Amino acid sequence: MKKIIRVWDLPVRVFHWLLVACLIGSLVSVNLGGNAIEWHAYFGYSILVLLVFRVLWGFIGSTHARFVNFFPSKEKILNYLSGNSPRVLGHNPLGALSVFALLFVLSVQVFTGLFVDDEIAFQGPLAKYIPNFLVSLFSEIHEANQVLIYALISVHIAAILFYKKFKGEDLIKPMLSGDKEIDPSEEADYLPTDLGQPSKDGFLQRTLALILLSVIAVVVGYLITSS
Ligand code: HEM
Ligand code: HEM
């Protein structure tokens, strides 16, 4: 019988799919033009809330949500590439690298967005506090960084399809259901400590995550409306 192990807690899954939805929303709205730029900003603020949440959850979340458990050291990456390392339930070292890269480029995008001026009708809420040359610089970074975002998302999706087609591993289902199903014949490929440490995903963790997300949303909302 297959062993069912909780890998992605509900907060990580909700974070992931809300991030995807808000990113699509922000890209669609920025291309609509006109007043839709207001929506672009709202999606951007939502992404800011999600990113702050994910960073904090990376310290206090469940096993596989914690950065310390998937931080991609050089040694781990080289071992993984040499094919000698055991399989991992959470993010593998290469996947982890792309996760950190995605979180970083999205943070740069949100940060610069707060200072951007479209020179028509919309200004990021913090643009008025910095000199013009910095507004121009941040606006240029905001425009250029989108290329990195598209590139990383393409690699992200290509890697997931690669794992499905060539390694027979469906990574998408666990990001929806939270669980990985391990066949007894595959158990030896994993470290026993990894198999023995499912992510806690009970009422307590979920309530804590909801409170954390709400507090971050209120603080970000307050800082933006009062600036
Ligand atoms: C807008 C585009 C996307 C962004 C910005 C994005 C971002 C991310 C991030 C930040 C993570 C890490 C999750 C965490 O630990 O918190 C992740 C993981 C994951 N994403 Fe996405 N994602 C995107 C689109 C997608 C799509 C379309 C799919 C499905 C086809 C997908 C499937 C997954 C899966 C399966 C994982 C877990 C990978 C693993 O097992 O290591 N993502 N994504
Ligand atoms: C991760 C979140 C965000 C993404 C992915 C994103 C993406 C983009 C993209 C692709 C453009 C078009 C750039 C161009 O080709 O000229 C843009 C423009 C813009 N963004 Fe964002 N953005 C984000 C967050 C924000 C935030 C938080 C704000 C401000 C509150 C913001 C304000 C603007 C403005 C005002 C423009 C127009 C700039 C111009 O016309 O020069 N963005 N954004």
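In this predicted model, ligand 1 is surrounded by 19 residues, of which Leu-23, His-91, Gly-95, Leu-171 and Met-175 are the closest. Two or more residues of this shell come from each of α1, α4 (93–113), α5 (132–166) and α6 (172–177). Helix α1 gives the largest share, six residues. Sorted by class, the shell around ligand 1 holds 14 nonpolar, four polar and one charged residues.

Turning to ligand 2, its surroundings comprise 24 residues, and the closest are Ala-41, Gly-44, Gly-113, Asp-118 and Gln-146. Here α1, α2, α4 and α5 each contribute at least two residues, with the largest share, six residues, supplied by α2. The class make-up of the shell around ligand 2 is 13 nonpolar, nine polar and two charged residues.

The packing of α1 with α2 is described next. Helix α1 spans residues 10–32 and helix α2 residues 36–60; their axes lie 8 Å apart and meet at an angle of about 155 degrees. Because angles over 145 degrees count as roughly antiparallel, α1 is roughly antiparallel to α2. The crossing of the two helices is left-handed. On the α1 side, the contact includes Pro-11, Phe-15, Leu-18, Leu-19, Cys-22 and Leu-23, and among the residues they face as a group in α2 are Ala-36, Ile-37, Trp-39, His-40, Phe-43 and Gly-44. By class, the residues of this contact divide into 16 nonpolar, six polar and one charged.

Notes: Residues are numbered from 1 along each chain as its sequence is written. Chains are lettered from A and ligands numbered from 1 in the order in which they are written. This is a predicted model: local features need pLDDT of at least 70, side-chain atom pairs count only at pLDDT 80 or more; totals for chains, interfaces and linings use all residues. Axes are lines fitted to C-alpha atoms, for helices over the stretch in contact, and angles run from 0 to 180 degrees between N-to-C directions. Helices (H or I, at least four residues) and strands (E, at least two) are DSSP runs, numbered from the N terminus. Angles under 35 degrees count as roughly parallel, over 145 as roughly antiparallel, 65 to 115 as roughly perpendicular and the rest as oblique. A crossing is left-handed if the near helix is turned anticlockwise from the far one by less than a right angle, and right-handed if clockwise. Two residues are in contact if their C-beta atoms, placed from the backbone, lie within 7 Å. Ala, Val, Leu, Ile, Met, Phe, Trp, Tyr, Cys and Pro count as nonpolar, Asp, Glu, Lys and Arg as charged, and the others, Gly among them, as polar. A residue is near a molecule or strand if its C-beta atom, placed from the backbone, lies within 6 Å of it.
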